[in-house]
Amino acid sequence: MLLIEELKVEVGDKEILQNVNLHVPPGETHILFGPNGSGKTSLMMTIMGFSGYRITRGKITFKGEDVTHMPLHERARLGIGVLFQRPPTINGLTTRRMVELCAGDRCVDVDQLSSHLQFDNFLERDVNHNLSGGEIKRSEMLQLMAQEPDMVLLDEPESGVDLESIALLGESINTVLNRGIKRNPSCQKGIISEKPKSALVITHTGHILDYITADRGQVLYKGQLRCSRNAREILKWIHEYGYEECVGCTV
Amino acid sequence: MHSVNDKTIVNLSDFNSRAEKNEYAYIDSLEAMEKTDADEFVKVGIETDASLRAGTFIQKDNAVVHCSNSSDGTDVMGIAGALEAFPWLESHVWKLLSPEKDDMTREAAQSPLQGFFIRSHKDVKIEKPLQTCLHIAQDKFSQKVHNIVIAEENSEVHIIAGCSTSPHLTTGLHIGVSEFYVKKGATLKYTMIHDWGENVFVRPRTAVHVEEGGVFISNYISLKPVGSLESNPVTYLEKNATATMNSILVAGEGAHMDVGSVVELNGEGARAEIISRAIVAGGTIISRGHLKGNVHGVKGHLECKGLILKDGLLHAIPELSGAVPGVEMSHEAAVGKIDRREIEYLMARGLTEDDAVSTIVRGFLNVDIEGLPEELAQKMDQAVKDTEQDMM
């Protein structure tokens with residue numbers, strides 16, 4: 001689904017990513033661990049094609065297409081979706097309208113989608129205006145549900161979300177990815193009959209792993225991917241020894 | 001000496017006060033209006049389905065071409081006729097404004113009385129809006145009007161006031177003197193939609209007096225290029241009176257707008273809010289706002305936001321002045337460009353860059369205008385879409 005080869009990225013004059021190689025096969029969920037400032041968000045922004053992230057070497061391939069220099073919106077239309085950690089407010093644009101825009105030409109029942117996310121009361125509010133951390137994440141998930149991407153990039157989905165809402169969020173991520181066991185049994189058939197989608201999930205704390213199933217974990221440390229193995233195992237190591245010790249084995 | 005490009009100076013001798021065509025056919029019913037007229041009027045919010053409006057006044061150059069009133073408890077008339085019918089009205093003319101204020105008021109004071117008189121009677125709540133249209137059809141015409149609006153005690157009225165010019169005009173001048181009286185506990189909503197020509201000079205002079213517990217809501221919308229517009233209405237608020245002034249301005253190439261609001265909070269408990277959204281796309285906007293807290297226990301907020309999409313000038317001048325302790329006033333002004341993060345956020349959802357910019361611009365102009373009838377809200381939305389296409 002997503003293949004990153006020898007990727008080098010600069011922001012301003014500073015090299016943020018050095019020689020990143022990553023492969024997320026179709027249907028797999030990969031977890032990206034790393035301390036603050038290691039380049040996790042930069043990697044996600046580069047995959048999506050945001051301005052300010054200059055690729056100096058390497059290649060990004062998505063669904064077999066070279067997207068290294070493809071405009072942002074074309075990558076979105078090709079099937080990449082992002083859950084932003086701190087999205088901007090868009091004044092005068094209601095969340096309802098935003099969700100419709102995300103759906104493009106498809107018809108979506110915004111009320112139905114939002115009731116799953118308990119977001120009904122915020123639909124007429126301007127996008128991200130005066131929302132709590134958890135509400136922002138639910139707004140982002142609502143948009144992704146309408147967008148229906150083939151691969152989602154989730155930037156710290158659990159940050160700022162209280163314990164009660166994190167389960168709801170995890171469930172909505174599973175819905176978008178066609179994975180997991182749903183609370184509502186009538187949906188199970190649909191879930192297993194549809195192909196799972198791919199995901200790259202940035203997490204700092206690993207809490208989200210209690211709610212979504214991960215196929216693999218990677219550690220990004222000082223701009224380099226240093227480790228690739230079972231996500232829960234990596235999380236245990238990090239808890240036990242910290243990042244520096246954890247990546248020490250790969251040096 | 002002023003140059004021909006000096007948009008701040010009006011040379012009165014450039015304009016003709018005499019209408020060449022004195023007699024425009026009177027329009028008996030709005031539905032029977034000629035299509036060319038209807039098209040012009042509709043753009044500035046005039047509804048041709050009379051059942052949707054409580055009354056209508058239309059003046060073309062200096063001729064009243066339509067005046068009707070379908071609701072009890074209101075008066076809708078030409079001002080000259082109203083002064084004959086109601087001798088007491090004389091005391092309301094040049095009461096809030098002085099004819100000696102400037103050249104424009106002097107010019108208006110010397111001219112025959114044109115314009116409208118609208119009154120909502122005591123305790124009458126008019127559900128449907130009333131509408132007025134002042135239109136300039138003759139080239140180089142100088143239209144001078146003096147409008148009086150009175151919302152009597154505990155009455156409620158919404159007036160949609162459109163102003164426009166015929167498309168062929170090379171230039172024209174509109175001097176509009178308006179004096180509004182909002183009596184005790186009354187509510188006056190005044191939504192003004194302007195569509196002037198590119199070389200038309202517009203000089204409204206407006207003053208509003210709001211008595212105890214009264215509410216004045218003004219919505220001013222000017223999306224199309226106007227040669228030169230200078231408007232700085234003054235509102236005087238008494239005890240517990242409220243004023244909300246919203247303006248949405250777009251200045252394309254060649255447009256010059258100097259628009260603001262002054263609100264004097266003169267009674268305890270008075271509240272005022274001035275909100276302006278300005279977009280410069282090649283023209284000039286001077287966006288003013290001035291709250292004057294003259295007594296204890298008043299509150300006001302001023303919000304002045306501007307976007308510059310093409311080189312021009314956006315000059316925000318928010319002012320607050322407090323004369324005594326116990327006034328609470330604040331302002332917020334921002335002038336700039338569209339945040340790149342917002343554009344890319346929308347692009348990450350699949351919108352092209354152009355669509356993302358349009359969406360943000362439309363949102364920026366989308367000030368929630370209280371009490372705008374649904375059909376007019378839809379028209380405004382379409383006008384904003386058209387405008388933003390012109391700007392890109």
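**Exercise 1. Find which residues of H4(B) and H5(B) meet, and describe how the two helices cross.**

Step 1: list the residues. From H4(B), B:Arg340, B:Glu342, B:Ile343, B:Leu346 and B:Met347 meet B:Glu353, B:Ala356, B:Val357, B:Thr359 and B:Ile360 of H5(B). Contact means heavy atoms within 4.5 Å. Helices (H or I, at least four residues) and strands (E, at least two) are DSSP runs, numbered from the N terminus.

Step 2: sort them by class. Six are nonpolar, one is polar and three are charged. Nonpolar covers Ala, Val, Leu, Ile, Met, Phe, Trp, Tyr, Cys and Pro; charged covers Asp, Glu, Lys and Arg; the others, Gly among them, are polar.

Step 3: take the geometry. H4 of chain B spans residues 340–347 and H5 of chain B spans 353–365; their axes come within 9 Å and cross at roughly 120 degrees. Axes are lines fitted to C-alpha atoms, for helices over the stretch in contact, and angles run from 0 to 180 degrees between N-to-C directions.

Step 4: name the arrangement. H4(B) and H5(B) are therefore oblique to each other. Under 35 degrees counts as roughly parallel, over 145 as roughly antiparallel, 65 to 115 as roughly perpendicular, and the rest as oblique. The crossing of H4(B) and H5(B) is right-handed.

A note on the model: it is predicted, local features need pLDDT of at least 70, side-chain atom pairs count only at pLDDT 80 or more, and totals for chains, interfaces and linings use all residues. Residues are numbered from 1 along each chain as its sequence is written, chains are lettered from A and ligands numbered from 1 in the order written, and side-chain values use heavy atoms, without hydrogens and water.

**Exercise 2. Describe the packing of H3(A) and H5(A).**

Step 1: in chain A, helix H3 (residues 95–103) and helix H5 (residues 133–147) pack at an angle of about 35 degrees, with axes 7 Å apart.

Step 2: H3(A) supplies A:Thr95, A:Met98, A:Val99, A:Cys102 and A:Ala103, while H5(A) supplies A:Ser139, A:Leu142, A:Gln143, A:Ala146 and A:Gln147.

Step 3: these residues divide into six nonpolar, four polar and no charged. The crossing of H3(A) and H5(A) is right-handed.

**Exercise 3. Locate A:Pro35 and decide: buried or exposed?**

Step 1: A:Pro35 lies in chain A, in the loop between strand E3 (29–33) and helix H1 (40–48).

Step 2: its relative accessibility is 19%, so A:Pro35 counts as buried. Buried means under 20% relative accessible area, exposed over 50%, and partly exposed in between (1.4 Å probe, protein chains only).

Step 3: leaving out residues up to four places away in sequence, A:Pro35 touches A:Lys40, A:His204, A:Leu220, A:Tyr221 and A:Tyr243.

**Exercise 4. What surrounds B:Ser166?**

Step 1: B:Ser166 is in the loop between strand E7 (156–165) and strand E8 (172–182) of chain B.

Step 2: at 11% relative accessibility, B:Ser166 is buried.

Step 3: setting aside neighbours within four places in sequence, B:Ser166 contacts B:Glu40, B:His135, B:Ile136 and B:Ala137.

Conventions:
A crossing is left-handed if the near helix is turned anticlockwise from the far one by less than a right angle, and right-handed if clockwise.
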